Structure formats: structure tokens, C-alpha cells
Amino acid sequence: MAERNMTSNDQIASKNGPGFQQIGQPLDRIDGRAKVTGAARYGYEHIVSDKCAFGYILGASIGRGRIVAIDAQAATKSPGVLLVMTHKNAPAQARFGEPTTATPREVFTRPRPVLGDAHIRYFDQPIALVVGETFEAARAAAGSIDVRYERLQGDFEPELCAATYRPERTNAGFATDTSAGGFAKAFAQAPVKVDATYTTAFESHNPMEPHAAIAQWEGDRVTIYTGTQTLANVRACVAGTLQIPLDSVRVVSPFIGGGFGSKLIAHADIMLAALAARVLQRPVKVAMTRQQMFANAGHRPLSIQQVRLGADRDGKLIAIGHEVCSSTARFEEFTEQTGVFTRSLYAADHRVTRHRLMRLDTNRGEWMRAPGEAPGMLAVESAMDELAHALQLDPIELRIRNEPNLDGTSLDPDRGIPFSSRNLIECMRRGARLFGWERRSARPGAIREGRKLIGHGMAAAIRPNYIGPSRARVVLEPRGTLRVQLDMTDIGTGTYTILTQIAADVMQMPPASIKVELGDSQLPTTAGSGGSWGAASAGSAVHDACTKLKRQLLDLPGIPPGGLQAEGSVTRSAEYDRYSQHAFGAHFAEVAVDLDTAEIRVRRMLGAFAAGRILNPKTARSQIVGGMIWGIGAALMEQTLLDPLHGAFINHDLAEYHIPVNADVGQIDTVFIEEVDERANVFGSKGIGELGICGAGAAVANAVFNATGIRVREFPITLEKLLPFLPG
Amino acid sequence: MKSFLYERATTTQQAVDALAKRLDAKLIAGGTNLLDLMKLEIEQPRHLIDVNSLPLSSIEPLPGGALRIGALVRNSDLAADSRIRREYPLLSQALLAGASGQIRNQATTAGNLLQRTRCYYFYDPRMPCNKRVPGSGCAALNGFNRIHAVLGASDHCIATHPSDMAVAMTALDARVETLSAAGARSFPIDQLYRPPGSTPHVETSLAQGEMITSVTLPPPPPGRQMYRKVRDRASFAFALVAVATIIDADSVAVRNARIAFGGVAPKPWRGIVAEQALLSARPSRDALEQIAEIALADARSQKHNAFKVPLAKRTLMHAIAESTRDG
Ligand SMILES: Cc1cc2nc3c(=O)[nH]c(=O)nc-3n(C[C@H](O)[C@H](O)[C@H](O)COP(=O)(O)OP(=O)(O)OC[C@H]3O[C@@H](n4cnc5c(N)ncnc54)[C@H](O)[C@@H]3O)c2cc1C
Ligand code: SF4
């Protein structure tokens, strides 16, 4: 990947507010060495006191129905096999319950029994766990289990699935539908209109580290070693499922090989390990195979989105409609909040957003990097490009004309409250300048280099900023080392590093004297990593703890012989509800489309972001670049194929589920606009883990249109969708 | 994975003897395909014969300007070989367009020829698949068949052969050399692969116990060589369509033409009729279109792969146009 450092990070660093010396510096990853040398242990790799047994999951070979008979005799007698667990002999667990929970929170903590009964709800659902002395023994034996099914007709084809329903709320507790003004009439009368339907595909997270766990019991207490984004969720889910007190569950997760939302809740690997370890009175480790992850570790639902934009001839939006239908599972509801950002992005007097669900016989969808914005912005920001084209207006100018603004104040059009800060225009202007937007031809298909068509596109980015209740403890040891302790996780984002920087700044200590300890549920509870709230939440708690510790120190002549400690915390402030908090950005992309083959390759991208104070420009850049690459994937290649007959995710490996490789990425530049959002949190920062993907795919798609004049509304834009329309 | 006996052969004869002894024996070379398939229990050999210590890793010139490539020459080494790059650039290009650097370092010439299809359904033992379990049906016919064959398929199997290297070798008229209890033999690479017909599980013409020892390339034919692989991402993806061409022409006449396709058929697909048509044509735009029509005349597509037909035509026309361009 080409890398050019044109960011204004260095300027940002030098302009830090008083008291911030480490914050804002591009400090190298604290955990980098441990990771590249293999010293960092992941879920499957922890060394526990007793010899571990190995579990292998057998998955169902039908998509909907019932197990009529399961014969595990041969497997049980197979050499090296210790246990074969099926629904017939699995220990009792709590019931799964209704498809929806009483509160959005309970989705994360509800019991998730495994091998609970004979019902098959989705293809590859675990139907047995074979535990052996070795992984190989368990896997070989799993192959000899004989299963007879009663097959039911499943719904696997979204096109055939006409029946949709209105969920109670969307993910994260948003209203399902909103409306303002009179959309239908206003849209009908608008002089310029776009009415387009876009579809997005199932996608799979595919973190590098597969979902895996080791469970070890000591009496009635269990320790789970795993890779999770939020320890508290796993702890609550394990306790609830096994019907044991919360205090009896310890979760350990110091290093995580990526999560992207797929490690927010406990999956079958964890529960199966816990059950088997209890039966065998011996630690058991279970990992999903890459193939099993596609069905069992979450996916992004597919969506069908109708976007209607009505504008006057000057490009002022009169009506915005964003109506989404996405897939959910029959047995558990997940409503991706695909239309929610549309409520806050642009102003228009007449607005409607709507979420509907179609039930399929798959596993439930889960939170996948920027749930809502990622698929939703593909559609809405493509539609804005279509509108700009219809109006013959520059896409940036169109967006500027539709900034929500009332008497000079930037107001969230949906909630009617001010934005805490909103620098979208600055992102677009700065990005355009650095990208060389003026090189874009307003007329599509106009730039040709040999047998390639060249195009440029842009899109806006918006992503809400969250904060979650969190606590932290700091312990100053007599010899001057500061231990920072919390059950926060570092899923590869750089949490170890920024928490070190935060503690160093508050305590005015060198980073080398600070030891951040994460990923153990015995430490103070945090909101974990998810929704891009990690840095603000955990960071604020650490800031508070350090501030308290420092205050104690002021009254003392030195560190007392027994050391000193303090606890800190953060909750949502009143400000949080008084202001609409979002991070913003603008993406720019240049693509080349081969005239003969329709192959699309991204040559370069640039993203400009306003995300409050950047705590560490190096780790921030990594997050943003990663997100932008995900945008390329969503626009051009990522799709998990659900076989219409069997209900299996059929391209379930990394050879056939395509994500961008280095050669697909070209040059990526990022720039952070100087911004400090004092209403957001004590640092003035905003979340960035998901911001990079928001809108990135639309910029690529818009560049494809600009290159070819062909608008593909069915994502991903694979070459056969362009080919018939290219000149011969 | 089923447990198996492992044996390392030290001579080629020993490998062939061991292979002949048991029906459930298999050779393992780089293992980049076989091991994946064994883990999924798609291949279940009970006896593995490791051929990696055999003296089959060299590229040797033969009298008359031909070249012999040992069965164990790694894909990376073959692509980097100076004679290959100079005289058979098509082969080098095809190899480098395949897989990833790590896989090419491990993958061997014989293993590459004998790698199995990437049909999704072949890779999931729970799916009906005539190639994996004869008579069980073909899930691809009514499933996702975007990556499947448009030429040479049957009602029993529409899988493609995934190799890039084999397509280049087919255009180069390579020959395969083998050893078995019956002795050594040599035959054109085109005869290595069998049409699927009603027995898609029988993929090659190799007899039980027959081992590939080398591939020979005749002296390079005159003309420009080109390998164009069309794929879903810039690297590390199998071909949707690949076209290998060797064309000796100027603006007046075509003196020699070879055309082979990858990604469209159960085997590397030689376009003999199109080659002949090209010989008698002046390379004009109309003629190119006609030749592309001829090359794909027998194409039969499925629900999701119809695009391969125009794609193969366009890619071929582009390759011919490039090869006949002056300068
Ligand atoms: C993710 C991925 C992407 C890939 N992408 C591409 C691509 O884009 N293009 C491409 O062309 N290939 C691609 N490949 C395939 C790769 O080229 C093959 O796996 C490799 O060439 C096989 O060689 P090997 O030596 O590892 O074979 P092995 O796996 O060792 O063997 C393969 C088969 O050949 C048999 N065999 C081996 N040697 C002999 C012999 N001497 N005589 C008789 N039988 C023998 C074995 O018994 C086995 O059946 C990809 C592979 C992977 C995993
Ligand atoms: S196309 Fe061939 S390999 Fe694929 S499922 Fe059908 S029979 Fe099997």
C-alpha cells in the first residue's frame, strides 16, 4: 500500500491544549512488539494449569428443520475422544427466549444456549461438540457422527420473501420510522427527483483471529479465555446461560485479533467450551473454523433500500426519503439501523425514514463495522451523486447547499438540537483541495487513458459519537510504576497505547512508567470496544481515576510505602442529550475501469475527517485507513452468498469471500481537520473506529459512475454489472 | 481429516511402486491443495507418499530447443527462470497471475496441473456434488454458478479447472511425462484432462498408480505471447476468464496463432477453430469479432455466468488486437 504522509497530524500535535503532551502524539503501539514476536496470547493460546482437551464443532447440514436421530456411537468410541455432546446429553441451560428482548441492552447479555434442542434454525448451527485429547482426534471423530433430519422448507431467498414486518425499534434503540412534514406530496411536487432502489449484500466480518475460547472450571467457578470486545457481555451471557452467579464467571481477553462487531456477544465456541469443561472437569478449548465463522459468528444483513430525494432547481432538498428492508433471522431479531443516519445528515422540510424486516432462516445478523451507516451510506450517498448529476451540480456544492443550518446554528434536522460540532463542509473543502477534485470531469466517461476509463467520486461521512459508562482503577506502586486497570479491550485499535498516553498526561509521568492492564473481568467494568466508543469511555474513566490519584498525591509528601490507588468513572453527561454528537468526513476516490473487461480498480483514495481531538494520529490513521479499505470491499467485492436451496453461506472461505488485498488499495491518504469537541468528553475527541467506512464505498461507486456513466445500484459492483453497458 | 500413513519416497520408482500398491494412496507435493481438501474430508487418502525429496526439481534444456520442467519445480521458481521469462513469457505471466507469493513458493508443477476445482459446492461436503460423491447431484446447477463453466461442461458437472499455469502450457503445446508400473509415457497436455460427461469425478487420463514426472515445452513458437487474466480483485483470486494467446502477425497477415482460455471450462480450453480462422483473416475489427464468435460458438451458460461469454470474447479480441499492434 502506497503511503504518503500528507496529514496535518503534526500540526495537530503541536497545537495541543495545555496539559496534553502525550495525547496527540503518534506514539508507537505499546503492544506491537508482543504481537509481532508472538508473546501476545490470544483466546486459543492461553496456557492453563491443566492439560487442555480440544473441542470440534459439528454443524447442521440443513437450513431449517429438526434432528430426528443422531448416532454418535462410533465417534464416542473413536480413539482419543473424551466426550461427544449433543442436544441429548448437553447440560441444562437457560431457555433462549423470544426473538426480541425487553431492552436493547439485553441483546448483549441474554442467555444463548447451545445444543438446547433438536431444532435446526440455520445451516451449520452447532449440533454436536466432540472433545478429544487432540484437535485431530476430535475432528476425525466428528466426521463419523450420523445424523438424520426432518427437513422443513426454509426461506433463503430475499426476492421470494415478500412478507415484511415492522420491528419495534432498530438496533441501538432507535425509532423504527420517522417522518416530518408531508413527504409524499412534497416529493411528488419536487421539480428534480431521484427515486432509486439500491441493494447491499450479506457481508461477513472475518477478523483474523477466529472465534475461540478456553474454559476452565475450579469448583463452581469458570474462567473463560477468549477474544471478545466486551468482557461484561460475555460474562453476563455465560452466567445467564449456565444459570450461575455473575461472580462465578471470569473472562480473560488481553489480546484480540480483530472483532469488527463480531465479538460483542458470546458465540457457540464459548458456551460449548464452558459446558464441556464442566462435564469433563478439565479445561477445554474450542475454535470455530473459518468456514464455521460465516454462519456462526455473525454477518451483516442484506438490505434493499429505496432512496427518494426531491429538490428544487438550485439543489436545495425539499424531501428526503430512505426506506429500508433488511434481513433478519426467524428466531432472533436484528434490525440494522440503516436509515438512522439519514435523519441527521441533510436538511429538508419533508422527511421520512423507515425500517422493515424480512425473516430468513439464517443465523441472526450482528453489528458489523458501522452498522447502519455502512450499507445506508452506500445508498444515500450514491443517490446524492445521482441528484448532483441530474442537477448538473458539483456533488460537494450540492451537499453544502443542504447543510442543516438555522440562523447560523447547525441543528440536527431530526432532533432539533444543535450539533456539538459539525465540520462536514470543511472536510469536503479540504479533502477536495488535497485530492485534486478539480481534475474530475463533470461529464461521465470523459477521461480515458489507453484502454482505461478514469473516474472520480466523493461522498460524505457521518457517524454518531457515543460514550458508555465505564470505570477504571489506577495503582501507583511505591517504586513509581503506575498500573492502569480496567476490563477494557484492545481489539487492535490501539487502546493500550492511548490509555498510556492519557495516564501519562494526567499524571505527568513518562509513558514507560505506565503499565496498562486490560482484558480481565476482575478489573473495573467498562463499556468495552464497540460503536467507536472505546477511547472516549475507557479514556475518560482513566482520566478521572488519574485526576483523583493526583489530587491525593498533592496532600502527601510522596508515594506512601504501600502505594496509592484511586478509582474513576464516566457516565453520559447531561450534555450528551443536549447536543447531537457526530463525527464527519469526506471521501474521495479515483478508479480505473478496464474498457475490455470491466474490471474496476481503485487507484487512490483520500479521506478528510473531523473527529474531534485525535488522541494518537498513528493509531487513528490505521483505523481510518482500515475503514476506507472496507469501503472498497463493500463497493466492489464483498458478498456472502446464501444458497437459495440449502440456506448455506456457500463461499465460506477467504479464497472465495473476497476482501481487498494490497493490490486493490492503491494509495490512501487521510487528513484530520483540527477540531476539539468539548461537549463530547474531557478530551474533546470523537470515535473513529467506524468513521472510515461510512461513505467510503459510495465514493468508489460514484467514481465508477463518473468513469463510465453507468450507475450500478446493486452492491457490490462486480464486473458483470458494468460489462453489458460498456462500449464494445 | 482422516488419519493416514505417511511415507517419504526417495526415488521416483519407489514413489510409483508405493502408489500402485494401494488404491487409497495419494502423492503429496506442495500440499497447498491436497491438505485443504483432506482437512475438509473431501480427499481421504489413507496413505500419503511425499514426493518432495525426489530429484524432479530442475528445468533442463532438451536437444532441439525444447525444455523439460521437473514435476517438483515450484511455481515461483518456474516463473522466475530466465529461459522461461525470455522464451515463454506467457507461462511466467500466467504463473505470476496465480495464487499468492507464499502459495507459489510451495506449489509444484505437477500439483498445479492436478489441483481440483474451486466450485463452492465441491468444497462443502454437505452439498450434493457429483464430482465429490458420484450420483449425488450437482448443487451448482440451481445454486450460485457465477464462477462456473460455459464451455465443455455437462449436465452432471459445470465446474471449471482453476489453473492459470495449465492454460499457458496448453497454448504452448506442452507434453506431460509420466511414470507408472507400465513404464514411462508422454502425451499432449490437452489429453491430460477428461471431459466431465457423466463421470465428473474422473478428471484425468492418468491411470491408477501413474505419476507425473515432468512437463516438456517444445521450442517456443514464433509470435507475441500474452496472458490476460480477468478476476474479481487485483490479486489472489481465481480467473473469471483468462486468455492465453501466441500470435505471429503483422498488419497484413497472421502467420501463427494459438488461443487458450482459462476459467470457462472443465479444462484449459484450446480454441483450435478460432486459431484457424485467425490464420486466414486480416486482423480487422470485424474479423476479430467473428473470431471471438467462433471461439465461443459452443458456449452454454447458466443463471449467473452468462457474462463469461461476452467477457471471454472481449478479452480475446483485446489480446489479439494487442498482439497484432505494430511496434
Ligand atoms: C487461496 C488459494 C488461491 C489460489 N489461487 C490460484 C490461482 O489464482 N491460480 C492458480 O492457478 N492456482 C491457484 N491456487 C492453486 C495452487 O496453484 C495449487 O494449490 C497448487 O498449484 C497445487 O500444487 P501443490 O504442489 O501444492 O499440489 P498438492 O496439493 O501437493 O497436490 C495436488 C494434487 O496433485 C497430485 N500430485 C502432486 N504431485 C503429483 C505428481 N508428481 N504426479 C501425480 N500427481 C501429483 C496430488 O496427489 C494432489 O491430488 C490457489 C490456491 C489457494 C489455496
Ligand atoms: S459443478 Fe461439479 S463440482 Fe460443482 S457441485 Fe456440480 S458436480 Fe460438484
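Modeller: Let's begin with a polar contact, which is a pair of N or O atoms within 3.5 Å; within protein, one must be able to donate a hydrogen and the other to accept it, and residues adjacent in sequence count only if both atoms are side-chain atoms. This is a predicted model, where local features need pLDDT of at least 70 and side-chain atom pairs count only at pLDDT 80 or more, while totals for chains, interfaces and linings use all residues. Residues are numbered from 1 along each chain as its sequence is written, chains are lettered from A and ligands numbered from 1 in the order in which they are written, and side-chain values use heavy atoms, with hydrogens and water left out.

Biologist: Happy with that! How far is the backbone N or O atom of B:Leu34 from an oxygen atom of ligand 1?

Modeller: Oxygen atoms of ligand 1 come close to several protein atoms, including a side-chain N or O atom of B:Thr32 at 2.7 Å and a backbone N or O atom of B:Asn112 at 3.4 Å. For the backbone of B:Leu34, the distance is 2.8 Å.

Biologist: And what share of ligand 1 does the protein bury?

Modeller: Taken alone, ligand 1 exposes 980 Å² (accessible areas come from the Shrake-Rupley method with a 1.4 Å probe; for residues, only the protein chains shown count as cover). Of that area, the protein buries 94%.

Biologist: Which chains have residues that surround ligand 1?

Modeller: In all, 31 residues surround ligand 1 (each has a heavy atom within 4 Å of it), and the closest are B:Leu27, B:Gly31, B:Thr32, B:Thr108 and B:Asp164. Strand E2 (25-28), helix H7 (109-113) and strand E8 (211-217) of chain B each supply at least two residues of the shell; helices (H or I, at least four residues) and strands (E, at least two) are DSSP runs, numbered from the N terminus. The site is shared between chains, because the residues around ligand 1 come from chains A and B.

Biologist: In chain B, how many residues apart are B:Asp173 and B:Arg270?

Modeller: B:Asp173 forms a salt bridge with B:Arg270, with the closest N and O atoms 2.7 Å apart. B:Asp173 sits in the loop between helix H8 (165-171) and strand E6 (175-180), and B:Arg270 in strand E12 (residues 269-270), so to speak of distance in the chain, the residues separating the pair number 97.

Biologist: Which side chain of opposite charge is nearest to A:Arg440?

Modeller: A:Arg440 is found in the loop between helix H13 (424-435) and strand E16 (447-449) of chain A, and a polar atom of the A:Arg440 side chain lies 3.5 Å from the backbone oxygen of A:His456. A:Arg440 is buried yet has no salt bridge. Lys and Arg count as positive and Asp and Glu as negative, while His and the chain ends are not counted. At 4.2 Å, the nearest side chain of opposite charge is A:Asp394.

Biologist: Last one: what is the phi of A:Leu115?

Modeller: Most residues other than glycine have a negative phi. A:Leu115, in the loop between H4 and E4 of chain A, is buried with a relative accessible area of 7%. A:Leu115 is not a glycine, yet has a positive phi of about 50 degrees.

Definitions and conventions
A salt bridge is a side-chain nitrogen of Lys or Arg within 4 Å of a carboxyl oxygen of Asp or Glu. Buried means under 20% relative accessible area, exposed over 50%, partly exposed in between (1.4 Å probe, protein chains only).
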